[in-house]
Amino acid sequence: MQEYVPSEIESKWQRHWEESGQFDPEMHPERPKFYMLTMLPYPSGDLHIGHWYAMAPSDAYARFLKMRGHEVFFPIGFDAFGLPAENAAIKHNIHPKTWTYQNIERMRGQLRTMGNMFAWKNEVVSCDPDYYKWSQWFFLRMLEMGLAYREYAPVDFCNHCQTTLAREQVWGEERLCERCENPVVKKELNQWKLRITNYVEELLDFSGLEWPEKVKAMQTNWIGRSEGVEFALKVAGHEDCAFRVFTTRPDTVFGMTFCVLAPEHGLVEQITTLKQREAVRAYREAAARKDEIERMAESREKDGVFTGACAINPMNGAEVPIWIADYVMASYGTGAIMAVPAHDERDFIFARKYGLPTPTVIVPEALRGAVPDGDSLEAVLTDKVGSVMVNSPGFDGLRWPQSFDAVATHMEREGFGERQVNYRIRDWLISRQRMWGTPIPVVYCNDCGMQPVPYEQLPVELPDDAQFKPTGESPLKHHQGFLQTTCPQCGGAAERETDTMDTFICSSWYYYGYLAPYWQHGETLSKESLPWDMETMRAWGPVDQYTGGIEHATMHLLYFRFYTKALADMGLLDFREPATRLFNQGTILGEDHEKMSKSRGNVVNPDDLVQRYGSDTVRMYLMFLGPWDAGAPWNPHGIEGASRFLRSVWALGTQEIPVGPSGDADAEQKVRRALHQTIKKVTDDLQHFRFNTAIAALMSFRNQLRSGGERIGSELREEAIRTLLLLLAPLAPHLTEELWQRCCPDSGSVHIQPWPEHDEALAADALVTLVVQVNGKLRDRLEVPTGMGREEVERLALESEKIQPHLSERSVRKVIVVPDRLVNIVV
RNA sequence: GCCCGGAUGGCGGAACUGGUAGACGCAAAGGACUUAAAAUCCUUCGACCCAACGGUCGUGCGGGUUCGAUUCCCGCUCCGGGCACCA
């Protein structure tokens, strides 16, 4: 018997598969298509065990589907723009392009050792001008459609990365930069944005998508839809002066005892009285400063300043003081609120602090008639359901949601308010003050203003001779060759935009890019150009199964849905959702159960493991660790189990056992039954990404085959081994291919064989273990033929020697029989 | 504070729609083979009591429903993730 030496067979088959083109996408109309997609890697220069954990199971699934008769497309590429390349440029004086392509070259090699069925011919590299010219083309189309715009507004800026960020890329209450985890600051800047908010309602609709509930919840949460009423309040003594507030609780409007404007609100200056002017000015300044610096230490203490002016409650004409306070955000709703302290905890705290009244206007329905005082924070009633309006002339006694409707309708009829839906999500800020990204294709002319670069001039290419400064500032700002251009409108001198696009732009359409390998270098674009062949897109799109990490739930996965909708509106796609099914794999942790990081020294290097155990073993072990979506800590000894298993399969596949064509009938029946049960189990598990239990089933079958091995005939033995190889092929593609070629050299690759089918009759057990319980406690086990009748089962159980002692001196009250399962005797 | 997950042996985990808790693997212990080691193979392996047969307890904690609960319901604890003066 030859020994199992993975290194000898793995590279051989990797080369063979790629050269034979057996995994290149081809349309066979008789086969159902399957677009399998795994999130593309950033070319950091080293393939991490996390990449293996994400991609190896994806590959197993793709291979499984191919054997199940699908035509499978499983592409790969590189998300090649981004900051690390610039940092390397500054540190090592190497152009980001050189650094990136060197890394890609290295990672291609590492990825190939995984043995995935990647369609390498369709690879995309997002920093290739032939790729990013289309990112620019989409941008120009969006500009024409009004989906892209430039705005001067406060934005989040990361000092460490020297760039602005999208709201999605600022994390948590600490407001950390998604890349470097340093706190961001606010800055007022002119920035390009994409109108993702145009699609909010559609983005909230997940119908037809098989996505994890968690991701749907996170996106829904992020979009933050809330239904309410927006209405106008006049300022007393200023006939021409009014402001609007948004509320989700119009039913509490009679309880308004003051209003609050955000310190930045445009009306503040105009309405502040002379007496209050100094206090208001000081508060606004302090608020502006607070926003810049002391964000972390910011307490939730509510304070504010009276403006001296009053607003008129349009419902009852009551005059209420107008305050400014920084607990009201300028960026949400109208930047102003009606304050109802009896029914809002924040308003209550504020009212308490400044001695403002807190009248009750809704009460629990059960308490109707008796209006409680509501003089503590705990007594603040915020419940909608079960509350009724009181002290609200004309509306008393109304319950939610009629109370909402009645007030809203009244406001609409009287013409001072209307129903309104507000969202938390903001438009996508895509400007980055970085060099290594897609240039935003616009120029600024002194005479004509901002002008888009004509389609025919795309791509606007990054210079190859950029000078990087240690300050981290984008070299584009100082690169005269890039900067100086002519205005497409008047032909005069103009300057290019030096901001580049967020790299999430590249990953917002790469899965369509994979299908457009015909981009031609030097091809002149026009508005009528097509980024892909429409027939090919119709045939393959959308993605059938997408896999990747959950960390992109409210970033990439939101942008990627938005892009698909925008591209569909450009007439380039005839579907509106990019991926029908989504699966989020978990994270592989270090041996110490902590997140892997260089500083912790718990990083596992896959290259070393491949060298020592082979790719198949690494794949198998990662899939065996536990459920794919759970992730797991790495156990350096555990991989031995996967290694042993594959070695024993190798032994089974190469050993000659001198037996006749048929063997012991009883042993054969057992093995045959196990075989069909294993086919069933593995098929079902792989369909549901349960790689760990599929592997456990294969191991069990291996155990049975080993123990009964000498007593079965060569015919069944060969069938069993062939089937084992087929079932194992998606998981351990190299070893199975090698053994398959040895046993069935004429049938072609193991990976194009039809998947085995199980026979229900052969899989059925002849005998079952019947559990006998007395009062729910296990007392005996009986081996009985499958399908035994209730009466007989009951009789057998009662007669059992082990049961008898438990029945003495007690009377049987009831006997529960679950056929083929158990008998429970209640005494 | 709100919204999602999760908690099972020494470890990773398994258990279909309530029906044998701990599959499969790792580690450990004992044994076989070997001059020896590695590899391989066999046996044991939740806790406690018992010489043994066997028994009692046991799926984060406390209750409940049920003949029967890791699974369903109620109330907690701890861990992880998301959101958060969002009006």
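This short talk covers the aromatic pairs of this model and then the protein surface around its RNA strand.

Keep in mind that the model is predicted.

Let's start with the rings. A pair of aromatic rings is described by the distance of the centres and the angle of the planes. The count here comes to 47 aromatic pairs. Take Phe-118 and Trp-120 as one of them. Their ring centres are 5.8 Å apart. Their planes stand at 85°, so this pair is edge-to-face. Are these two residues buried or exposed? Both Phe-118 and Trp-120 are buried.

Here is another pair, Trp-323 with Phe-350. Centre to centre, the distance is 5.5 Å. The angle between the planes is 85°, and the pair is edge-to-face. Where do the two partners sit? Trp-323 is in strand S14, residues 319-325. Phe-350 is in helix H10, residues 345-354. Now the burial. Trp-323 has 10% relative accessibility, so it counts as buried. The cut-off is under 20%. Phe-350 is at 0%, so Phe-350 counts as buried too.

Arg-63 lies over the face of Trp-17, 4.6 Å from the ring centre. Arg-561 does this with Trp-211, at 5.7 Å from the ring centre.

Now to the RNA. How many residues are around RNA strand B? There are 55. The ones that come nearest are Thr-248, Lys-302, Arg-346, Arg-644 and Asn-824. By class, this surface has 18 nonpolar, 19 polar and 18 charged residues.

Which elements supply it? Those giving at least two residues each include helix H7 (213-223), strand S11 (238-247) and helix H18 (639-654). Strands S30 (767-774) and S31 (777-785) are also among them. So are strands S32 (814-818) and S33 (822-826). Which element gives the most? That is H20, with eight residues. Helix H20 covers residues 691-707.

What part of the strand does the protein meet? Look at the atoms of RNA strand B within 4 Å of the protein. Of these, 63% belong to sugar or phosphate, and the rest to bases.

In the side chain of Arg-644, an N or O atom is 2.3 Å from a phosphate oxygen of RNA strand B. For the side chain of Arg-706, the distance from an N or O atom to a phosphate oxygen is 2.5 Å. Gln-773 goes to a base: a side-chain N or O atom is 3.5 Å from a base nitrogen of RNA strand B.

Terms used. Residues numbered from 1 in each chain as written. Chains lettered and ligands numbered in written order. Predicted model: local features only at pLDDT ≥ 70, side-chain atom pairs only at ≥ 80, totals over all residues. Heavy atoms only, no water. Phe/Tyr/Trp six-rings, centres within 6.5 Å; stacked < 30°, edge-to-face > 60°. Buried < 20%, exposed > 50% of the residue type's maximum accessible area, 1.4 Å probe, protein only. Helix = DSSP H or I, 4+ residues; strand = E, 2+ residues; numbered from the N terminus. Lys NZ or Arg CZ within 6 Å of the ring centre and 35° of its normal. Near = heavy atom within 4 Å. Polar contact = N/O pair within 3.5 Å; in protein donor to acceptor, adjacent residues only side chain to side chain. Nonpolar A, V, L, I, M, F, W, Y, C, P; charged D, E, K, R; others polar.
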